[in-house]
Amino acid sequence: MTDRKIRVAVVITGLGLGGMETRQLTVARYIDRQRFHLDFYCLYDEDNSLIPEFERLGISVKVIKVFDFSRPFPLRINLFAVLKLACMLKKGKYDIVHTQLPDANTVGRIAAILACRSTRIATICNIEKRSNLQQFWDKLLGKMNGKIMCITDAVLEYDMSFTRLPRNKYVRIYNGIDIDRFSRESVGFPEIDIKIPENSFVIGSVGRLHEQKDFKTLLHAFKIIKENIKDAFLIIVGSGPEYADLKQLSETLEISDSVMFTGARKDVPEIMSFFDVFVLSAIYEGFGNVVTEAMSMEIPVVSTNLPPVREIITPEENGVFVQPGNPEEIAHAIERLYKDKDLRKKLASAGRRTVVNRFSQYIMVKNIEALYEENSKI
């Protein structure tokens, strides 16, 4: 070991307002900059709204347009850009190349191999169906990888089920959220630029407006809720391809006057502070960052019963489970919490303790630092 900093190149699809992207910003803020040097490489040139946050930290972010989704597959991959990335990784003399998100995991690892960077770490962050081509690359590159980092045990087991790689290839590091930012104490009583009716019982959810999050089921559940809780109000924070369809569905269900779509926001903790109950209605997840964010904000959580989320929530102790795709069950769980204030307080308090003890940014960054040290060659 020398006094030289460990040089890390993080290759990521993009730096928009998604869960994994926000996680990278948290790592950048809290990693020991006396021991580690970070550079970021983005492979998309769209939706990189977090880049200024990294630059304010003094961290270099380079955008290399590897993918052009206006072109047909396989022409959407710019091979010259892949070679350019490889040259930059070689010139940077990185000890670690850490890739994030599926497209970057493939292209980033190939570029790192071309750059002769021997220590490659890929992060697997979701349980979702992969194409045969993606499975081929994951198996091949996994064998050539240094380590594969998974964000839950469920994701780890899922990845191992088809790569057939040995367990010692893998490491599990839970996502950590900024417990100082997502805190009732730090948020206080904020002023926000959205109007919430006074004395409303506010049900909230946060996520990309994508079929994975199944907001359609949540809207159907809210239709049922409105029949029994007249002052119920639903806030959905996020943007995505289903926005128009979800807006139309809220109008069709005749609940649009009590539903607010805020779009993508940077003031998520401030908006969350108005929630009485948080709901995750997703049909699959790799972790569920929004669940731990809500728990850290001391908001009682109703979540679909998914394997990764079972590593966070203990039913009836720090959250409530419902079955995916079941609006009646979601509605019943929310109505139960509406009626039982003591249960809401119990879940909220236990949720905060769970996140502080197991899912804080400090624990995550400490584990990532250890991973980098163990796998660097200096």
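Trainee: Where is the place of Ile110?

Mentor: Ile110 has its place in helix α4, where helices (H or I, at least four residues) and strands (E, at least two) are DSSP runs, numbered from the N terminus. Before we go on, this is a predicted model, in which local features need pLDDT of at least 70 and side-chain atom pairs count only at pLDDT 80 or more, while totals for chains, interfaces and linings use all residues. Residues are numbered from 1 along each chain as its sequence is written, and side-chain values use heavy atoms, with hydrogens and water left out.

Trainee: Why does Ile110 count as partly exposed?

Mentor: Ile110 counts as partly exposed because its relative accessibility is 24%; buried means under 20% relative accessible area, exposed over 50%, and partly exposed in between (1.4 Å probe, protein chains only).

Trainee: And which residues is Ile110 in contact with, leaving aside its neighbours within four places in sequence?

Mentor: With those neighbours left aside, Ile110 is in contact with Trp137 and Leu141, contact meaning heavy atoms within 4.5 Å. In another direction, Val82 is 28 residues from Ile110 in sequence, and their C-alpha atoms are 8.2 Å apart in space.

Trainee: Which residues of α4 and α5 meet?

Mentor: From α4, Pro102, Asn105, Thr106, Arg109, Ile110 and Ile113 meet Gln134, Trp137, Asp138, Leu141, Gly142 and Met144 of α5.

Trainee: How do the axes of those two helices, α4 and α5, cross?

Mentor: The axes of α4 (residues 102-114) and α5 (residues 132-144) come within 10 Å and cross at roughly 45°; axes are lines fitted to C-alpha atoms, for helices over the stretch in contact, and angles run from 0 to 180 degrees between N-to-C directions. The two helices are therefore oblique to each other, since angles under 35 degrees count as roughly parallel, over 145 as roughly antiparallel, 65 to 115 as roughly perpendicular and the rest as oblique.

Trainee: Let's change topic to the sheets. What is the order of the sheet with 7 strands?

Mentor: That open sheet of 7 strands has the order β3-β2-β1-β4-β5-β6-β7, with parallel pairing, and two strands pair if DSSP finds at least two bridges between them. Its edge strands are β3 (60-63) and β7 (170-172), each of which pairs on one side only.

Trainee: How many bridges join β2 and β3?

Mentor: Strand β2 (residues 36-42) pairs with β3 in the parallel sense over 4 bridges, and Cys42 stands opposite Val63 in β3. Helix α1 (residues 19-30) packs on this sheet, touching β1 (6-12), β2, β4 (96-100), β5 (120-124) and β6 (147-150), and its direction makes about 165° with that of β1. Helix α3 (residues 79-92) packs on the sheet as well, touching β1, β2, β3 and β4, and its direction makes about 165° with that of β1.

Trainee: And what about the sheet with 6 strands, what is its order?

Mentor: The order in that open sheet is β10-β9-β8-β11-β12-β13, and the pairing is parallel. Here the edge strands are β10 and β13 (320-322), each pairing on one side only, and the twist from one strand to the next averages 25°.

Trainee: Is strand β9 mostly covered or uncovered?

Mentor: Strand β9 (residues 232-237) is mostly covered, with 6 of its 6 residues buried. Ala232, Leu234 and Ile236 point one way from β9, whereas Phe233, Ile235 and Val237 point the other way, and all are buried. In a regular strand the side chains alternate between the two faces of the sheet.

Trainee: How does β9 pair with β8?

Mentor: Strand β8 (residues 201-206) and β9 pair in the parallel sense over 6 bridges, and Gly204 has Ile235 as its bridge partner in β9. The chain goes from β8 through helix α8 (residues 215-228) to β9 in a right-handed β-α-β crossover, meaning that, with the strands pointing away from the viewer, the path from the first strand over the helix to the second runs clockwise.
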